[in-house]
Amino acid sequence: MNRKPLIDHRTYTIAPRKMAEFLEVFDRLAMPVLQRTLGQPIGFYTSHVGALNQVVHLWAYEDLADYERRSQARDSDPDFPAYLQASGHLIVAQENRLLRRAELPSCQTDSGAG
């Protein structure tokens, strides 16, 4: 389980029949910037049941200040505008949520358990 208490949950709705193009553009232009500024994502997914043509990616942060600092680094990276330009026609809608970890005793993990 991820130990960082703040998760940025991003959902992009992609134009029909444009998913392959979006994924190629995202991997080639966005991921290098995001890995440099945000670190490794928790996960990167595409929808298969329910709302279709969606990409969901998750990023973990220590707190809101960490989120804001790293987001500013992403937005000011000189390579980021190339991704925005190349993907603009592919994204129909986007949504992001900041989620806080709920402290439930049943969700606590013991790193020594196996």
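This is a predicted model: local features need pLDDT of at least 70, side-chain atom pairs count only at pLDDT 80 or more; totals for chains, interfaces and linings use all residues.
**Aromatic rings**

Let's start with the rings. A pair of aromatic rings is described by the distance of the centres and the angle of the planes. Searching the whole structure turns up six aromatic pairs. In one of them, the ring centres of Phe26 and Phe44 are 5.1 Å apart and the planes meet at 40°, so this pair is tilted. Phe26 belongs to helix 1 (residues 19–37) and Phe44 to strand 2 (residues 43–46), so their pairing ties together parts that are 18 residues apart in sequence. The two partners can also be described by their accessibility: Phe26 is buried at 2% relative accessibility, while Phe44, at 32%, is partly exposed.

Tyr61 and Tyr67 form another pair, with ring centres 5.2 Å apart; their planes stand at 90°, so the pair is edge-to-face. Tyr61 is buried, at a relative accessible area of 0%, and Tyr67 is buried too, at 14%. Ring pairs also join Tyr12, Phe22, Phe26, Phe44, Phe80 and Tyr83 into a cluster.

**Helix 1**

Phe22 and Phe26 are among the buried residues of helix 1, a list that also includes Val25, Ala30 and Leu34. The buried residues of this helix pack against strand 1 (6–14), strand 2, strand 3 (54–61), helix 2 (64–76), helix 3 (80–87) and strand 4 (91–100). Where is the kink in helix 1? A bend of about 50° lies at Ala30, shortly before the proline Pro32. After the helix comes Gly39, which has a positive phi, near 95°.

**Salt bridges**

Side chains of opposite charge can pair when their charged atoms come close. The count here is nine salt bridges, and the table gives some of them.

| Salt bridge | Closest N and O atoms |
|---|---|
| Glu24 and Arg28 | 2.6 Å |
| Asp77 and Arg36 | 3.1 Å |
| Arg36 and Asp79 | 3.2 Å |

Salt bridges with shared partners join Arg36, Asp77 and Asp79 into one network. Within it, Asp77 is buried at 9% relative accessibility, whereas Arg36 is partly exposed at 48% and Asp79 is partly exposed at 43%.

Glu24 and Arg28 sit four residues apart in helix 1, which means that about one helical turn separates them. Glu24 is partly exposed, with a relative accessible area of 38%, and Arg28 is partly exposed at 47%.

Definitions and conventions: Residues are numbered from 1 along each chain as its sequence is written. Side-chain values use heavy atoms; hydrogens and water are left out. Rings of Phe, Tyr and Trp (its six-membered ring) pair if their centres lie within 6.5 Å; planes under 30 degrees apart count as stacked, over 60 as edge-to-face and the rest as tilted. Helices (H or I, at least four residues) and strands (E, at least two) are DSSP runs, numbered from the N terminus. Buried means under 20% relative accessible area, exposed over 50%, partly exposed in between (1.4 Å probe, protein chains only). The bend at a residue is the angle between axes fitted to the seven residues ending there and the seven starting there. Contact means heavy atoms within 4.5 Å. A salt bridge is a side-chain nitrogen of Lys or Arg within 4 Å of a carboxyl oxygen of Asp or Glu.
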